[in-house]
Amino acid sequence: MAVRQTIVGISSPRELEEALRAAYYLADDELSTAAYLALALGKPLLLEGAPGVGKTEAAKAIAGVLGRSLLRLQCYEGVDAAAALYEWNFPRQMLALRQAGAYGDTIDIYRDEFLIERPMLACLRRPHETMLLIDEIDRSDHEFEAFLLEFLSDFQISIPERGAIKAYERPVVILTSNRTRELHEALRRRCVYHWIEYPSAEREMRIIMMRASGVSERAARAVVAAVGRLRREPLAKLPGIAEAVEWAEAATLLNEQGERWPEAFRRSLGVVLKDEDDLVHIAPRIEAILAEAQA
Amino acid sequence: MTETTATIAHFLGFTALLRRSGFAVAPEQSMAWLTAIELLGPGEIGDIRRAARATLAPPPERFGDFDALFDAHFLGSIVPGLEGEQSDEEPLRAAEDGAIGPEPEFGDETHDSGAEAASAERLLARRFSAGEDTQTLRRFARALPSRVPRRRGYRWRSARTGTGADARRMFRDAMRHAGEFVKLRRRRRRLRQRRIVVLIDVSGSMKERTQAHLAFAHALARAADAVEVFTMGTRLTRITRPLRLKSREQALATASLLVADWDGGTRIGDALNAFLAVPRFAALVHGAVLLVLSDGLERGDPTAMADAVARFSRIAWRIVWLTPLAADPGFEPRTAGLVAARPYLDELGDGGSIEKICAHVLDLAEVSAA
């Protein structure tokens, strides 16, 4: 196991936390420790959590801190090698062959210029400039998960026409999962793991103040209290952090146009709850929840 | 030197404790944890705990247990809940269907005395005869191959009518014809059968049905490719292998020798948890159909059963629970266990007769086509 104590000048979880804050991401102790360990141990980082707790944002912030470009592979049911690894550019190969045929030349049609890189191959070939984000892996099929397992242990893929391609240093890989299904034990074992919770009220307020422009502290506090209350309701889709930020912004905008406070929150409720059933469920009690949040 | 060895032994003692408490910890994870501790330097206990969480990756539902064990090991506090649970009852074990029976003494007994054996634990061996329902099962076996639930596989194959053009093949063909495209080739995803995992309740309350259920499981195992069958009562037994035998009499007789807990009590929650605790078994359920033939009369803790079913619902494709009690049209689950598990079931249906069970299985493919 190749251990690196210092990565781009960061040699402890605290320093990583500060660097992430400079990149506008507030990480807690647990996340910064897990992320630092993943970088130092050269292991992939697996982030799990409910939708909207900032898993993808965390990956983007880490890429920013490392100064690397983010290669994002969005998983979906049926994601395959052509979408994840590489594809040959057949039309270009064909044109090149015809052209060469007309002049009587020979040509190697398996050169780089005919290879279309997809995120996983790109990350293997330039491991020090890129960071791979494999997003929502719980949506992919089991076979893709098994294939990923192989990729994450060797960091090597083979292209039949070209032979094996191996990364000359371990790339940084972050995986996220919404936990709509459980991942294979073997995949969890390969990774450094972190479960992202909804943030504490105090931290969520700092996130809103940092992310939203021109939101007053009072409005932010009310939003955090109301959102915290909503997350305890049996809703189909619980409001995430992004929704909380948007709600604070939307209500502030309405307020500036002359809407009174509780009314501004109530009218911009569509930013937080985006499901008809949820809105119907919460409608009778929304006044009480907002009043309580404003107190 | 000896001091560091002692320290490492203390840390490894924690991973051993975790394993004893049902957490899966791989050696590479222990290694990563030790490296992480070294990396973070001598600091506070919080660092060690965070490193443990990150590298040993306990599942989120068990963070509470994990922290309690951590405190017990490193801070010396007592964990009342965990210790009490363990001493309470003998933990339920999963039995394999290898050459040796689940309990050595039980196996010896059967070999010595023939077929009949009884012990103080009411472990009974039972003999089966091929009974009625033969016609139904024969029809079921004929209908099944075209109607098993399938899922889309990872690989493509060329097909006459496909969802996309097979560019790779077309260009290869074109090179053979001096760069001319002669024919449009298509491809589609290969289909694979979803595994069907059957759990048969063999407790006393299901006594009259177990024979028919085993006969059904035999027909299913013969007709479909990927089928796994387990019985559960006071213990969990895998009987897939004997059920693959062609002759039903022989299959059922061999299977019945493996099962040691006929007509005993029911600890469904414990049986399901024992199933999940064996990673190899749990892997069988990934993306599979879980078919439970049980009345759901749980003697043990209903929350254990609900938790286990909730975990199954996250790894299985569908959970179908068929209970003979649902033969009554006005049926509503009334037992605490089944009520608690109901939200996680994809289907709670009538398992009152073999025809009904067969019909449910044949209908699974309708769902998968959608």
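1. Two residues are in contact if their C-beta atoms, placed from the backbone, lie within 7 Å. On that basis, 32 residues of chain A meet 29 residues of chain B. H2(A) gives the largest share of chain A's side, 7 residues. That side divides into 13 nonpolar, 7 polar and 12 charged residues. Here Ala, Val, Leu, Ile, Met, Phe, Trp, Tyr, Cys and Pro count as nonpolar, Asp, Glu, Lys and Arg as charged, and the others, Gly among them, as polar.

2. This is a predicted model: local features need pLDDT of at least 70, side-chain atom pairs count only at pLDDT 80 or more, and totals for chains, interfaces and linings use all residues. Residues are numbered from 1 along each chain as its sequence is written, with chains lettered from A and ligands numbered from 1 in the order in which they are written.

3. Chain B has 16 helices and 10 strands. These are DSSP runs (helices H or I, at least four residues; strands E, at least two), numbered from the N terminus. Of its 370 residues, 35% are buried, meaning 20 or more other C-beta atoms, placed from the backbone, lie within 10 Å of the residue's own.

4. Look at strand S8 of chain B, residues 289-293. Buried residues make up 5 of its 5. Val289(B), Leu291(B) and Leu293(B) point one way, Leu290(B) and Val292(B) the other.

5. S8(B) pairs in the parallel sense with S5(B) over 5 bridges, and also with S9(B) over 5 bridges. Pairing requires at least two DSSP bridges. Leu291(B) partners Val198(B); Val289(B) stands opposite Arg318(B).

Key: A residue is buried if 20 or more other C-beta atoms lie within 10 Å of its own, exposed if 12 or fewer, and partly exposed in between; C-beta atoms are placed from the backbone.
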